[in-house]
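Morning, everyone. I'll talk about pockets first, then about cores. Please look at the structure with me.

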Amino acid sequence: MAIRQIRKSGDEILKKRCKEVKIFDEKLGILLDDMYETMTKAEGVGLAAPQVGILKRVVVIDVGSGRIELINPEIIETDGEQEGAEGCLSFPGLYGTVKRPNYVKVKAQDRTGKSFIAEGEELLARAFCHECDHLDGHVFTELVTEYLK
Ligand code: ZN
């Protein structure tokens, strides 16, 4: 495993749309392992592939309840609403209030290509939304209603 460089605010790659993953090979596994190591070292709870310079629909999340890997994720259901502080490893030190659904259901594939459904509430629901946004070139600052100090 290796630590990859996290792309920061201002990097054009963060504004680009990612491509669907079609090949589930060893290289994808290495990317996922590297992303997880990079995220945990940076003390983040989620990381999307464009944040390490790769324009592929790949996400890793760990909000404290274990590692979740999402390939080609798609939000298929949301419910409720939550308002809370959000940050991003690509925007160090920046936190703002963002409104998100309180419950999110995601359809995705695992590293072998097998489809599965993941559900989350509160922080996990927030992470699903935040990371899926990255795959379409969107960042949380577009949604901030108030910046926090
Ligand atoms: Zn982010």
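Start with the largest pocket: 20 residues line it, and Gly44, Val45, Gly87, Cys88 and Leu89 lie nearest its centre. Keep in mind that this is a predicted model. Which elements give two or more residues to that lining? Strand 4, residues 82–86, and helix 2, residues 123–135. Helix 2 gives the largest share, six residues. By class, the lining has nine nonpolar, seven polar and four charged residues. The volume of this largest pocket is about 360 Å³.

Next, the second largest pocket. Its volume is about 250 Å³. Among the residues lining it are Arg4, Glu20, Val21, Lys22 and Ile54. How does this lining divide by class? Six residues are nonpolar, six are charged, and no polar residue is there.

Now the cores. The largest nonpolar core holds 16 residues. Val59, Ile61, Leu70, Val104, Val106 and Phe128 have the most contacts inside it. At least two residues of this core come from each of strand 2 (58–61), strand 3 (68–79), strand 6 (103–109) and helix 2. Helix 2 supplies the largest share of this core, six residues. Remember that helix 2 also gave the largest share of the largest pocket's lining.

Let's stop at Val59. Leaving out residues up to four places away in sequence, Val59 touches Leu32, Met35, Leu47, Ala48, Ile68, Glu69, Leu70, Pro73, Glu131 and Leu135.

Last point. There is a second, separate core of 15 residues, including Val21, Met35, Val58 and Ile71. Val21 also lines the second largest pocket.

Definitions and conventions
Residues are numbered from 1 along each chain as its sequence is written. This is a predicted model: local features need pLDDT of at least 70, side-chain atom pairs count only at pLDDT 80 or more; totals for chains, interfaces and linings use all residues. Side-chain values use heavy atoms; hydrogens and water are left out. On a 1 Å grid over the protein atoms alone, a cavity is a set of points where a 1.4 Å probe fits but cannot get out, and a pocket is an open set with protein on both sides within 12 Å along at least five of seven lines; lining residues have an atom within 4 Å of a point. Grid points are joined across faces, edges and corners, and a volume is the space filled by probe spheres set on the points. Helices (H or I, at least four residues) and strands (E, at least two) are DSSP runs, numbered from the N terminus. Ala, Val, Leu, Ile, Met, Phe, Trp, Tyr, Cys and Pro count as nonpolar, Asp, Glu, Lys and Arg as charged, and the others, Gly among them, as polar. A nonpolar core is a set of buried Ala, Val, Leu, Ile, Met, Phe, Trp, Tyr and Cys residues joined through side-chain atoms within 4.5 Å. Buried means under 20% relative accessible area, exposed over 50%, partly exposed in between (1.4 Å probe, protein chains only). Contact means heavy atoms within 4.5 Å.
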